[in-house]
Amino acid sequence: MSKSHFSLLVIVIAAVLFLAQSAFIVPMTDQALVLQFGDPVAKYTDPGLKFKTPFVQDVVVFDKRVLDVETPPVEVILADQKRLMVETFARYKIDDMLQFYKSLETEEQANTRLDNIINSTLRGVLGDAPLADVLSDKRAVLMESVKKQVDAAVTGFGIEIVDIRIVSAELPKQTISAIYDRMRTERQRQAAQFRAQGKEQAQEIRSKADKERTVLLAGAGSTAQISRGEGDAEASKIYAAAYKRDPGFYAFYRTMQAYRDSLPGDNTTLVLSPDNEFLSYFKDPSGKK
């Protein structure tokens, strides 16, 4: 390689390095701030190819889109002394990157500052509201108040608050446990009360049923006695009429009934003297001695 060719190659390499150090591209989603020895000297919000002084100036890129901040749950004491664990998220955008760089420098520091400001403002606003407002449609009004106060607090940071919302609002674990214990105790008390009332009603129903049963049995017994008496009277009349019509047959029929009742089955033994009147029909069909 000749000396002239070598010099040309060095010049080309130097030109490429110079161009690489002086040119940069700003994407559609970003905005860039040019710093010289740490001081901002230029800013670019439009996308395209931009230039800077090589080896002297640096470029800091910031997101031009809406950014999210998720805050950890924070305990808030409401106006009615109820405690809630509230988790929120915020959305913001950098509308003045020069002011943003001077006050916050990076998005990480911005998120930290916003986290503190949002939690402090949230405690102040919700501290003046009861639990019913936080859990109802009035929450939107409360969060709009939080947004306005946070937006006013970050005016000098070069950012604009787009929205702040509550992700979740829950009771602390110890409060939930206490509420569950009270609910369980109350349900047990109600169950015991209902059980006692049920036993009392069952006893009343049982007593009433026993009383009605006694009355019914007494009435039925009385009716049965009357019916039995009437039946016995009617039977006596029939027996008397039958006896008058044929005393011999009546005596025979009654004796046969006595035999049947006294000698049931095949293995019945009856011990009587031979001349007993009860055995008269065994000796003579007419029943005469």
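Trainee: Where is Phe249 placed?

Mentor: Phe249 sits in helix H7, which covers residues 247-262. Keep in mind that this is a predicted model.

Trainee: Why is Phe249 called exposed?

Mentor: Its relative accessible area is 51%. Exposed means over 50%, so Phe249, at 51%, is exposed.

Trainee: Let's turn to the inside. What makes Thr121 buried?

Mentor: Thr121 has a relative accessible area of 12%. The cut-off for buried is under 20%, so Thr121 is buried.

Trainee: Where does Thr121 lie, and what is Thr121 in contact with?

Mentor: Thr121 belongs to helix H3. Leaving out neighbours within four places in sequence, Thr121 is in contact with Val146, Gln149 and Val150.

Trainee: What does Val150 touch?

Mentor: Besides Thr121, Val150 touches Leu114, Ile117, Ile118, Ile161 and Ile164, again not counting residues up to four places away in sequence.

Trainee: Which residues have the most contacts inside the largest nonpolar core?

Mentor: That core has 37 residues, and Val150 is among those with the most contacts inside it, along with Tyr92, Ile94, Leu114, Leu126, Ile159 and Ile164. Helix H3, residues 107-126, gives the most to this core, with 7 residues.

Trainee: Now for charges. How do you know that Glu75 and Arg83 meet in a salt bridge?

Mentor: Look at the distance from N to O between their side chains, which is 2.8 Å. The limit is 4 Å, and 2.8 Å is within it, so the pair counts as a salt bridge.

Trainee: Are Glu75 and Arg83 buried, exposed or partly exposed?

Mentor: Glu75 has a relative accessible area of 30%, and Arg83 has 39%. Buried needs under 20% and exposed needs over 50%, so Glu75 is partly exposed and Arg83 is partly exposed too.

Trainee: What about Arg165 and Asp163: why is one called partly exposed and the other buried?

Mentor: Arg165 is at 46%, between the two cut-offs, so it counts as partly exposed. Asp163 is at 18%, under the 20% limit, so Asp163 is buried. Their side chains meet in a salt bridge, with N and O 3.0 Å apart.

Trainee: What makes Glu186 and Arg189 a salt bridge?

Mentor: Their closest N and O atoms are 2.6 Å apart, and that is within 4 Å, so the pair qualifies.

Trainee: How far apart are Glu186 and Arg189 in helix H6?

Mentor: They are 3 residues apart in helix H6, residues 173-245, so about one helical turn separates them. Glu186, at 30% relative accessibility, counts as partly exposed, and Arg189, at 43%, also counts as partly exposed.

Trainee: How many salt bridges does the structure hold?

Mentor: The structure holds 7 salt bridges.

Trainee: And what does the protein look like overall?

Mentor: Its secondary structure comes to 8 helices and 9 strands. Of its 289 residues, 23% are buried. The accessible surface comes to about 20100 Å², and 56% of that belongs to carbon and sulfur atoms.

Trainee: Among contacts with a separation of 6 or more, what share comes from residues 24 or more positions apart?

Mentor: Those residues account for 60% of such contacts in the protein.

Notes. Residues are numbered from 1 along each chain as its sequence is written. This is a predicted model: local features need pLDDT of at least 70, side-chain atom pairs count only at pLDDT 80 or more; totals for chains, interfaces and linings use all residues. Side-chain values use heavy atoms; hydrogens and water are left out. A nonpolar core is a set of buried Ala, Val, Leu, Ile, Met, Phe, Trp, Tyr and Cys residues joined through side-chain atoms within 4.5 Å. Buried means under 20% relative accessible area, exposed over 50%, partly exposed in between (1.4 Å probe, protein chains only). Helices (H or I, at least four residues) and strands (E, at least two) are DSSP runs, numbered from the N terminus. Contact means heavy atoms within 4.5 Å. Accessible areas come from the Shrake-Rupley method with a 1.4 Å probe; for residues, only the protein chains shown count as cover.
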